[in-house]
Amino acid sequence: MTKVEDAPVTEQPFNALQFARDLERLRADLEHEANPYMPIEHQSAASAALLIVINELTAGTDHTTAVSRATAAYKDIRGRQREHEHSTRAQQERDEAELAAEEAVTQKVACPYCGAEVGLRCVGTGRSGGIRKKSHADRFRLARGLNDKAPDPTAGDVR
Ligand SMILES: [Zn+2]
């Protein structure tokens with residue numbers, strides 16, 4: 001196998017066909033990684049920026065404009081990713097606070113299902129196999145006095 005010399009990019013490319021093929025492959029990869037239809041957290045800001053540079057330069061745009069368009073797109077994607085991370089974290093914190101408040105009420109009674117005592121969490125593993133975060137449903141209902149009452153769907157006032 002002979003080593004391909006660096007093509008003189010500014011002059012006529014040594015092998016135009018190879019150049020076009022390589023460029024096409026690179027573009028396809030970048031388009032995949034920067035796909036704007038993917039969830040924002042899976043988009044690559046750097047790939048989007050490089051794709052813009054390549055597209056602009058091959059379209060004859062001057063290099064300052066090409067690079068500034070690329071950096072603008074990069075900043076936009078990174079900004080939206082940070083926003084997404086913040087809102088995801090805020091949502092997690094709200095969920096955890098809600099669960100903690102719910103558990104504080106539930107753990108005021110012993111669990112009729114697994115026998116966990118008052119103030120202790122239920123025994124067993126959670127759905128993902130880790131420590132169980134939520135009490136058993138029977139304990140939840142017991143703590144709220146829902147067990148003896150057959151829920152009447154027409155009542156609309158479940159205590
Ligand atoms: Zn339990």
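## Contacts and model

Two residues are in contact if their C-beta atoms, placed from the backbone, lie within 7 Å. By that rule, Ile-77 touches Gln-43, Ala-45 and Ala-48, not counting residues up to four places away in sequence.

This is a predicted model, in which local features need pLDDT of at least 70 and side-chain atom pairs count only at pLDDT 80 or more, while totals for chains, interfaces and linings use all residues. Residues are numbered from 1 along each chain as its sequence is written.

## Helices

The protein chain has 4 helices and 0 strands. Helices (H or I, at least four residues) and strands (E, at least two) are DSSP runs, numbered from the N terminus.

## Packing of H1 and H2

Helix H1 (residues 16-33) packs against helix H2 (residues 45-58) at an angle of about 140°, and their axes are 8 Å apart. Axes are lines fitted to C-alpha atoms, for helices over the stretch in contact, and angles run from 0 to 180 degrees between N-to-C directions. H1 and H2 are therefore oblique to each other (under 35 degrees counts as roughly parallel, over 145 as roughly antiparallel, 65 to 115 as roughly perpendicular and the rest as oblique).

On the H1 side, Arg-27, Leu-30, Glu-31 and Glu-33 meet Ser-47, Leu-50, Leu-51 and Ile-54 in H2.

## Nonpolar core

The largest nonpolar core has 9 residues, among them Leu-30, Ala-45, Ala-48 and Ile-77. H2 gives the most to this core, with 5 residues. Such a core is a set of buried Ala, Val, Leu, Ile, Met, Phe, Trp, Tyr and Cys residues joined through C-beta atoms within 7 Å; a residue is buried if 20 or more other C-beta atoms lie within 10 Å of its own.

Definitions and conventions
A residue is buried if 20 or more other C-beta atoms lie within 10 Å of its own, exposed if 12 or fewer, and partly exposed in between; C-beta atoms are placed from the backbone.
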